Amino acid sequence: MPIDAAKALAAEPRSAEIAWDHKDVQLYHLGLGAGSPATDPAELRYTLESRLHVLPSFATVAGAGMGVVGGLSAPGIDIDLAAVLHGGQSVTLHRPLPTGGRAVSTSRVAAVYDKGKAAILVLRSEAADDEGPLWTSDAQIFVRGEGGWGGDRGSSERLELPGREPDKTVERPIREEQALLYRLSGDWNPLHADPEFAALAGFDRPILHGLCSYGMTLKAVVDTVLGGDVTRVRAYRTRFAGIVFPGETLRIRMWAGDGRVQVAVTAVERDDAPVLADTVVEHS
């Protein structure tokens with residue numbers, strides 16, 4: 001079996017120094033669709049270095065390598081990249097992210113779940129700099145065809161949507177070239193760029209990165225509900241419920257509550273097919 005759960009869980013955490021500067025942050029924001037309209041003061045917070053704030057989901061790409069991609073090469077894991085889908089993501093912020101810095105990122109396989117016809121890997125990354133912890137990030141990786149060994153199935157709980165109309169609904173277009181731009185932040189999986197590779201994975205064309213829709217959604221919540229203040233975000237989690245293609249439009253519905261915003265994201269052009277589910281932004 002390409003996944004040896006016991007070996008993966010017993011492996012020593014791996015640490016590496018990561019670094020980023022304002023250009024990495026700006027590139028990430030542009031990959032999420034920031035900067036339209038280009039001179040809008042609300043967008044300049046994401047694109048102009050003299051006004052730059054860091055969207056907390058940047059933690060998923062900072063240093064470009066110790067998160068999802070690094071975890072897939074951990075001891076006990078030998079899988080076909082074409083069988084891999086990003087199943088879910090969470091980020092907990094310990095303090096606001098700086099526009100540039102250096103940190104030590106420590107990664108490990110935190111859990112391996114047996115879903116029968118698939119396996120789920122939980123890859124945990126923790127980053128800290130000289131001032132202390134910065135973030136903790138968990139990526140849930142769905143690996144088709146790798147379950148069935150009788151291991152722990154993990155939780156299957158789902159978060160029900162509120163029984164009322166959303167407080168806010170916005171639509172965010174995905175540019176045709178957006179996946180090509182987003183992948184420059186470090187996720188080089190050809191599933192998001194190469195039509196032939198996408199066909200091998202069962203798709204008729206490349207799909208958008210789940211983490212791109214994840215970042216686009218957080219930006220929409222920050223801009224719409226949190227007054228554009230990225231420092232109010234404390235934690236953010238989602239389950240990737242379906243794919244979305246470049247050229248489509250995300251419909252983002254938001255329900256504001258006590259210290260949290262629940263979110264549902266769908267693809268407009270495909271009759272509101274689910275894209276993100278079980279999505280919550282916790283905030284101050």
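Two strands count as paired when DSSP finds at least two bridges between them. Strands β2 and β5 in this predicted model pass that test, because nine bridges join them. Strand β2 covers residues 84-93 and β5 covers residues 132-144. The two run antiparallel.

How many residues lie between β4 and β5 in their hairpin? There are two. In a regular strand, side chains alternate between the two faces of the sheet.

Next come the charges. Side chains of opposite charge can pair when their charged atoms come close. The structure holds 16 salt bridges. One of them joins Lys 219 to Glu 43, with 2.9 Å between the closest N and O atoms. Lys 219 sits in helix α7 (residues 210-224) and Glu 43 in helix α3 (residues 41-47), so this pair ties together parts that are 176 residues apart in sequence. Are these two residues buried or exposed? Both Lys 219 and Glu 43 are buried.

Asp 223 forms a salt bridge with Arg 45, and the closest N and O atoms are 3.6 Å apart. Asp 223 belongs to α7 and Arg 45 to α3, so the pair ties together parts 178 residues apart in sequence. Asp 223 counts as partly exposed because its relative accessibility is 24%, and buried requires a value under 20%. The contacts do not stand alone. Glu 43, Arg 45, Lys 219 and Asp 223 are linked in a network of salt bridges.

Another salt bridge connects two strands. The side chains of Glu 171 and Arg 251 meet at 2.8 Å, N to O. Glu 171 lies in strand β6 (residues 168-173) and Arg 251 in strand β8 (residues 249-256), so the pair ties together parts that are 80 residues apart in sequence. Glu 171 is partly exposed, with a relative accessible area of 40%. Arg 251 is partly exposed as well, at 22%.

Now the rings. A pair of aromatic rings is described by the distance of the centres and the angle of the planes. The count comes to six aromatic pairs. Among them is the pair of Tyr 28 and Phe 58, with centres 5.7 Å apart and 65° between the planes. That geometry is edge-to-face, because angles over 60 degrees fall in that class. Tyr 28 lies in helix α2 and Phe 58 in the loop between α3 and α4 (68-71), so the pair ties together parts 30 residues apart in sequence. Tyr 28 counts as buried at 0% relative accessibility. Phe 58 is buried too, with a relative accessible area of 3%.

Tyr 214 and Phe 240 form another edge-to-face pair, 6.4 Å centre to centre with 65° between the planes. This pair links distant parts of the chain: Tyr 214 in helix α7 and Phe 240 in strand β7 (residues 233-240), 26 residues apart. Tyr 214 is buried at 0% relative accessibility. Phe 240 is buried at 13%.

Which residues form one aromatic cluster? They are Trp 20, Tyr 28, Phe 58, Trp 135 and Tyr 182. Elsewhere a charge meets a ring. Arg 205 lies over the face of Phe 245, at 4.2 Å from the ring centre.

The backbone has details to check too. A cis peptide bond joins Ser 36 and Pro 37, with omega about 0°. Pro 37 is placed in the loop between α2 (22-31) and α3.

Two aspartates have positive phi. For Asp 272, a residue other than glycine, phi is near 60°. Asp 272 lies in the loop between β9 (260-267) and β10 (273-283). Its relative accessible area is 31%, so Asp 272 is partly exposed. For Asp 278, phi is near 50°. Asp 278 is found in strand β10. At 15% relative accessibility, Asp 278 counts as buried.

Key. Residues numbered from 1 in each chain as written. Predicted model: local features only at pLDDT ≥ 70, side-chain atom pairs only at ≥ 80, totals over all residues. Heavy atoms only, no water. Salt bridge = Lys/Arg side-chain N within 4 Å of Asp/Glu carboxyl O. Helix = DSSP H or I, 4+ residues; strand = E, 2+ residues; numbered from the N terminus. Buried < 20%, exposed > 50% of the residue type's maximum accessible area, 1.4 Å probe, protein only. Phe/Tyr/Trp six-rings, centres within 6.5 Å; stacked < 30°, edge-to-face > 60°. Lys NZ or Arg CZ within 6 Å of the ring centre and 35° of its normal.
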